[in-house]
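Biologist: I'd like to go through this one with you and hear what stands behind each term. Could you put it up?

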Amino acid sequence: MYWNTHSYYSLRYGTLPVERLVGMAHNLGLRRMGLTDINNTTGTIDFVKACKEKGIIPMAGIGFFSNNQLLYTGLAMNNEGFRELNEFLSKHNLRKSPLPPHPPDFPNAFVIYPYGSKDAKTLKENEYIGIGLQDIRMLPFSKYRYHQDKLVLQHPVVHAGGEDFVLHQNLRAVSHNTLISKLRPEDIADKNAYFLTPSLLLDKLSDFPDIIDNTRRMTEACSIDFDFQSVKNKQTFTGSVYDDKILLEKLAFDGLEYRYGKRNPQARERLISELGIISRLGFAAYFLITWDIVRYSMSRGFYHVGRGSGANSIVAYCLKITNVDPIELNLYFERFINPKRSNPPDFDIDYSWTERDEVQDYIFKRYGRRHTALLGATSTFKGRSIYRELGKVYGLPKNEIDLLVSHPGSEFNNNDIIRQIHSLAGRMADFPNIRSIHAGGVLISEDPITCFTALDLPPKGFPTTQWDMYVAEDIGFEKLDILSQRGIGHIRDCAGIILENRSIKVDVHQVSEFKQDPKVRSMLKGGETNGCFYIESPAMRGLLKKLKCDNYLSLVAASSIIRPGVARSGMMREYIRRFHNPKGFRYLHPVMEEQLSETYGVMVYQEDVLKVCHHFAGLDLADSDVLRRAMSGKFRGRKEFQRIVDRFFLNCRKRGYDEKVTREVWRQIESFAGYSFSKAHSASYAVESYQSLFLKAHYPKEFMVAVINNFGGFYHSWVYFNEARRWGARIMLPCVNNSTFKTCIKGDNIFIGFVHVHNLENKVSHAIRKEREQRGEFLSLEDFLSRISVGIEQTVILIRSGAFRFTGKSKAHLLWEAHLLVGKKNRNSGGCTLFHAGTKGFKLPQLKSSKIEDAYDEIEFLGFPVTLNYFDLLESKPDSYLPAAFLGQSIGKHIEIFGLLVTIKYVRTVKKDIMHFATFLDHQGEFFDTVHFPDSLKVHPFRGNGVYRISGKVVEEFGFPSIEVHTMIKMPLIKDPRG
C-alpha cells in the first residue's frame, strides 16, 4: 500500500533519512514499499540497498511536481521503467523546460494522477487516479464512484508525525523563504502524511475492496533491484576485452622504452606484473580511457598532472598518465590496486583552470552524453547557516540573528522561540539542502547513466548525476577526477611569458634536471618558495627550513607531513627530530622499523597505514585499504569500518602486543583521518613544485607575473608584487600605453594589469589595448579621450590610479583637463572623426600634489601602495628598523620589530583557547613569523591589516627562528590628505 513515500531527499520537504524510512516500514511489517521523491531519484540506490537488508521488496518512482503542485507520480514496474522515468525527468532538466501536464507513454511504469485532476474515462491501461484517506468519505458522491477500477490508494509518507511535522513545516518555510506563519495549506504536506499500520489502512478502505485490489495489483507488478557487485564503468575501450589487453600491453611497452630505455629488467618485471593484475581484474579499459583523455589533452598542448594513487602504477607512468617514477620512489603498488580489489582505481588528472572545461567537453563528445555524466554532490544544512535560515522563518531581526549565530549561549537568547530554533537546528543538521556538483568527478558508464539516476544540469553545462560519490561507489562506479588548479596555469603561462620577454624557450618537463639544479636546491633549502605550487605557505616554508630540504625525496615527505593529521598528532615534529638524528631514537616496534625505516618509523603516507595494518596488525590488504579509505573520507560504511577496527585490536591482542603499543600505533593511524596523502600524490605535487622552483630560480620576474595572473596563490596579489620587487623587478602603476588587462612585463618593468584597478570596467580595459594595438600609443589625455569611448567616472579612475603618468602632468591637472574634455566631447558627440582638429589650449594654475596623496589613491584603487610603502606612511617612524634577517642572530633575546601583516593562522590549544601564528613583512619586504599565545592575544589582539610594532622573544626550532609575541600595537598611518 505504501508506494508513495518521501525521504529527506525530497529537499526541504521530507524529514526522513532513507535508513529511518525503511526501518519504520520494517517495524510495521511491510513486505514492499516505494520511494517517490520529488523530481529526483537521489535516494533510490540507498533505498534499494536498505530494503534488501531488511527483507523488503523495493519499488522506485518519482513524484513529478511543478510550481509546488503534484502533476503525477511515476512508479516503475522494473529497472527499465526506472530508466524511462529518469530519462523523462532528465530531458526536461537538461533542456530547462517545464514538465508537461501529461507525461509521455511509459511502457514499463505506472502513472498515478492526483485525485480530481483527471477524467477517469481518459486514462490509459497503466494510468490511475490516487485517492487519499481524506477523500474516501466523499467517494460515494464523486464522479469517480463509477470508475473505481481506476482508483488506487495514495497515502504519502513525508514525516513521522508530531514534532516531525513541525520540522516539515519549518523546512517548507525555509524553502519558500517565508515566515512560518505565512505558509499556506498547499505549501505543506498533510498533517497525517506518516506511516499508519496496514490493518488501519485496510479498515478505512473496507467498503471499497476494488481500491484495495487495484493498489495491490499495481504494487505487486512493481519491483526494482541493482547489482551492487559488478563494475558499472565502460567495459571496453576498443569494443573487445582481448583487443583492450593487447593495446594496453603495446602502449605500455612502448612507454617502457621511452621512460626507462631498452634495458631495465626491474622496470620490465614490474610492468609485466602490473599488466597481469590489471588484465585479471578487468581494468584495462579504465587505463585506456584515461590514456585517451591524456593523449587528447597533450595533442592540444595542455599541461597535466596525474596524481593521487594512480601515480603508484608503472603502467600509468609508461602511458604518460602520470609523471612520477614509481620505481625511483619505491611506490607501493598495492595502494593503487590490490589483487582483492573489485572496483577499478580512480585517477586524478589536474589541468589548468583555463583548460579543464575543454577536456571535459572532449570526454562527453567522445563517450556520448547518454553514457557520461559529471558526478553530483549534496550540500547539507550545517552550523550557522541553519540558525540564519530558521531565524528568518521566525521573523527575527538581523541583529538578533547575528547574536544567535555568534553568541548562541547569550542570556538574550533565552526564550521560547530561540529554544525552538535550537531544537530544530539539531534535527536539521546534515539534512540535504541542495544538489550540487563534485569538484571534478566524471563517470563513463557501460549502460546509459539514466539506468541509475536522473540527471541535472548545473551551471557547468554538463549532465550531472543526482547522487554523490558514495552512492557511485556503492553501485559499482569509479570516478575519473578531471580537476583544475592554478599551479599548472602559472607554470604554463610562465613559459609563454619568458618566451615573449626574453625570447627563450623553456621546457618545463625536464624535471630530472631540475632536481639537480644548484639554484633550485638552494632556494628549496632556504624556503624561498613564495609563489611556488604547494610549498609557499608559512608553515611549509618553515618546514622546508627545519628539514634543510634540498632534494626530491625530502620534498615528497615534506609535502605529506605538513598535512594536519601528521602535524596534529605530534609526529611531524618527531619526524623532523628523527630526520636530524637518525640514530637517536627507538622504533615503537620492530615492524615499524622493518616497514617504515625510510620515514624513521613515522607514518607519513597513506601507504604507511596500509603497511602497518597489514604487517603489524595482520589485516589483509583489502581490509587495510578499506580502513585507509575510510580515514581519508572516501568510505561511509560505518559498520564495515568498525568491524575492521575491532579486528585490528583483536589481532594485536592475539599477537601478544603490549596494549600501550597497540593504542599508540592506532593513535597515529587515527590521526590521518581525512588528511593523509598517498606517497604518489605527494610525489606528483613535488614534481609540480620543482617546475615552479626552477622557473622562479632562473626567471623570477616572469614567474611572479604568471603567479599574479593566475589569481590563485596562498597570498594576496600585493604580496606577489612585493616578491617580484625582491627579485629585482620595478613595479609600475597601470599605464594606458603599456598595461594590458592582466599584469605584463617588459624587460625588468612589471606593469600592473587593469584587472587590479577597482571599479574599472572590463570593456574599457580591453578597448584600451585593442585601440593601442591598432593605432599606436596614446599621445595625451586628449588623444586618449578622442579615441576611447569612456565616461568621466572611468576616466577619473584611470587618472587616479596613475595610468596617465606618461603625460608628465599632475593628477590634479589631469582631472581638471578630463572634466573639460569629457564635457566638450559630450556636447559634440557624433562618432569618430577621420582627422583630429586640435583644441584651444588653456593654462591652469600650479596645482599641488604629493606622494602621500598618490599612495592613498593607490590604496583606494589598487588595494596597496606602489609609489611609497606602508612603512613610509607611518605617522610616527622609529629611528631605525630591525631587519628580519637579524632574527637568526637574536635567539633567546627580547627584540622589537616592525612588520606589515601578511596572513594569520587561527588554531585552538588543547584547552580550546584561540592562538595565532602570523606572518609579516619587514621594512625591506622580507618575511618573518610570529607566535601569539592566548594570554598575549587577549591583551594584544590583531586589529586588521597594517603595520604593527611587535615586542617578543626570538625562539628557534630546528634552526627556524620565530618570535613569541609579548606585546603588539598597530601603528597609525599619516592622515589621508585627500580629505
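Modeller: Contact, to begin with, means heavy atoms within 4.5 Å. By that rule Leu 695, leaving aside its neighbours within four places in sequence, is in contact with Ile 491, Cys 494, Ile 498, Val 506, Val 508, Pro 700 and Phe 703. Mind that this is a predicted model, where local features need pLDDT of at least 70, side-chain atom pairs count only at pLDDT 80 or more, and totals for chains, interfaces and linings use all residues. Residues are numbered from 1 along each chain as its sequence is written, and side-chain values use heavy atoms, with hydrogens and water left out.

Biologist: What makes a set of residues a nonpolar core?

Modeller: The members must be buried Ala, Val, Leu, Ile, Met, Phe, Trp, Tyr or Cys residues, joined through side-chain atoms within 4.5 Å. The largest such core here has 133 residues, and Phe 616, Phe 648, Leu 695 and Phe 784 have the most contacts inside it. Helix H30 (residues 679–698) gives the largest share of this core, nine residues. Another core lies apart from it, with 88 residues, including Phe 88 and Val 174.

Biologist: Why is Leu 390 called buried?

Modeller: Buried means under 20% relative accessible area (exposed is over 50%, partly exposed in between, with a 1.4 Å probe and protein chains only). Leu 390 has 0%, so it counts as buried. Beyond residues up to four places away in sequence, Leu 390 touches Asn 170, Ile 421, Leu 424, Ala 425 and Met 428. Asn 170 is 220 residues away along the chain, yet the two C-alpha atoms are separated by 7.5 Å.

Biologist: Leu 390 lies in helix H14. How do H5 and H14 cross?

Modeller: The axes of H5 (residues 163–176) and H14 (residues 383–393) come within 9 Å and cross at roughly 90 degrees. That makes H5 roughly perpendicular to H14, since 65 to 115 degrees counts as roughly perpendicular (under 35 is roughly parallel, over 145 roughly antiparallel, the rest oblique). Axes are lines fitted to C-alpha atoms, for helices over the stretch in contact, and angles run from 0 to 180 degrees between N-to-C directions. Helices are DSSP runs (H or I, at least four residues), as are strands (E, at least two), numbered from the N terminus.

Biologist: Which residues meet there?

Modeller: Asn 170, Ala 173 and Val 174 in H5 meet Glu 389, Leu 390 and Val 393 in H14.

Biologist: How do you know that S18 and S19 pair?

Modeller: Pairing takes at least two DSSP bridges between two strands. S18 (residues 914–921) and S19 (residues 927–932) run antiparallel and are joined by six, so they pair. One of the bridges links Leu 921 with Phe 927 in S19.
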